[in-house]
Amino acid sequence: MTDIQLLPAVVDFLARPHGHFIDGQYRSGDSDRLIDVYNPSTGQVVSRFHDASAADVDSAVQGARRAFKGAWAEVSPYEKGVILNRLADLIEANGEELAQLETLCSGKSINLSRGLEIAQSVVFLRYFAGWATKITGQTMTPSLPSFNGERYTAFTLREPVGVVAGIVPWNFSVMIGIWKIASALVTGCTIVVKPSEFTPLTLLRIAELAVQAGVPAGAFNVVNGTGRAGQALIDHCDVAKVAFTGSVPTGIAVGKAAMAANLTRATLELGGKNPAALLADVDVDAAVAGILQTAYVHQGQVCASPERLYVHRSKVEAFTQKLAAALQQLKIGSALDQDAQFGPLANQAHLQKILGYFERARSNNTVVCGARQVERPGYFVEPTVILANGADDPLLHEETFGPIVCVLPFDDEEQLVTLMNDSPFGLTASIWTNDLSKAFRLIPQIEAGTVWVNMHTFLDPAVPFGGSKASGVGREFGSAFIDDYTELKSVMIRF
Ligand code: TXE
């Protein structure tokens, strides 16, 4: 098993001095704080970038503000759609370069970078592009009676909110970035994106492609840095909206900071502790294949992934044994190896966090398989199945964001609903059954932003996505995103 050969374009790009993309130009940045970028498959530094200074953040927001009032406002809705479609074409045409860059920084399997991260970014971008010509207000007849025979009519305008701060995590830096960039641009907003400090490079390259596609200077900017740069963005008086995806604690801090800054509106897509329920009639082989695909993809570093599994007591033994057998067959290897089926965790800090969970599991739980570090350079661990120690087991309540599934048996569906809802979070859930009438009875009782039946983590641009309870505020995709990126202006006319 060997790594693929890097494209010359990727090698050249890595060697560049990296910083930010502001006002249509690549800027190496003037701060003397350099941050290393690591390849999770080796633990080696592959590149570095200049942490954004307050001046860099201000310059990006000023550029975005000018474009919001000027160049982007002058582009017609039709042309906005054409430009976003052109960007999708360019991302597709440069897909291998972008996939390699993303894999190098994130540790995402090259197959997943190509087939999901880049390919789905293109699909989502084209979907959003279609909205450009379809964002409208409403007309209405005012309801109060007239006093002296005068008449009234009213309508609403959907106006872009202004400059958006898009704050993006490391797990799907391109796709989550594109969701925010496309939502902003298609509604007439402009955007400053701050990628995670672990995955700063791919969106910089996409910003260059955006210029080629016809996005005017300043409409789409990238500033790279740590949470400090994110905080400076949120605090900026010209930022009208924050669109954040990341962890729950950071999301709460971001929401509070946005409120305190300027009552700045914030949408928060946070993590969760997502349940999957395998009912008594479940097809065990199909469920094993489905859970294998969804709970362990990208080493479990997916906000929507199932981490707690409630399995009907009659199926626990068969399910856990078959799942463990399938996991032990997975080829663990470098993310740049096309034959590897399971790669590294994304960074050293995350590895340490997951090793902490393994230690707890080894002392308190039955480990069905895994819960060990893989002895090789980089940040590798084994895919893991653990039996919960009762409904209060912390492993059923804390988001690990890793390849760890915790299983608890259940006996009846009333108990199942209580167990599934026993969490402050509510991002996603799934029900695995051959009995659709049972599924339909359960769906309204489950507290989650998305409920899937016989699948999990299937995101479609036409279907709204977001968290209930402490998993977030707001929805992405469908038409739901429009509410969050536009302000509704009411107009009343007397005649
Ligand atoms: O996330 P953070 P991190 C979870 C996962 C992981 C943990 C930590 O459990 O182990 O979060 O990962 C920026 N103001 N998820 O540290 O801190 C930060 O620079 C403004 C779940 O990467 O949430 C990055 O760009 N911005 C998640 C982004 O916020 C701030 C995906 C996310 O960082 C900031 C990734 C601040 N004060 C990790 N502090 C999901 N739900 O998909 C940090 N940032």
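**Close-up 1. Helices H10 and H11 in the predicted model.** In this predicted model, the axes of helix H10 (284-295) and helix H11 (residues 316-329) come within 10 Å and cross at roughly 45°; axes are lines fitted to C-alpha atoms, for helices over the stretch in contact, and angles run from 0 to 180 degrees between N-to-C directions. H10 and H11 are therefore oblique to each other, given that angles under 35 degrees count as roughly parallel, over 145 as roughly antiparallel, 65 to 115 as roughly perpendicular and the rest as oblique. H10 passes H11 in a right-handed crossing, a crossing being right-handed if the near helix is turned clockwise from the far one by less than a right angle, and left-handed if anticlockwise. Helices (H or I, at least four residues) and strands (E, at least two) are DSSP runs, numbered from the N terminus.

**Close-up 2. Helices H3 and H6.** The axes of helix H3 (residues 77-93) and H6 come within 10 Å, with a crossing angle of roughly 160°, and H3 and H6 are therefore roughly antiparallel to each other. Their crossing is right-handed.

**Close-up 3. The largest pocket.** About 790 Å³ of space lies in the largest pocket, and of its 34 lining residues the closest to the centre are Pro169, Trp170, Gly246, Ser247 and Thr250. A pocket is an open set of points on a 1 Å grid over the protein atoms alone where a 1.4 Å probe fits, with protein on both sides within 12 Å along at least five of seven lines, and lining residues have an atom within 4 Å of a point. The volume is the space filled by probe spheres set on the points, which are joined across faces, edges and corners. Helix H9 (248-262) gives the most to this lining, with five residues. The lining has 17 nonpolar, twelve polar and five charged residues, where Ala, Val, Leu, Ile, Met, Phe, Trp, Tyr, Cys and Pro count as nonpolar, Asp, Glu, Lys and Arg as charged, and the others, Gly among them, as polar.

**Close-up 4. The second largest pocket.** About 540 Å³ of space lies in the second largest pocket, which is lined by 22 residues, with Leu116, His456, Thr457, Phe458 and Leu459 nearest its centre. Helix H5 (110-131) gives the most to this lining, with four residues. By class, the lining has 14 nonpolar, eight polar and no charged residues.

**Notes.** Residues are numbered from 1 along each chain as its sequence is written. Local features need pLDDT of at least 70 and side-chain atom pairs count only at pLDDT 80 or more, whereas totals for chains, interfaces and linings use all residues, and side-chain values use heavy atoms, with hydrogens and water left out.
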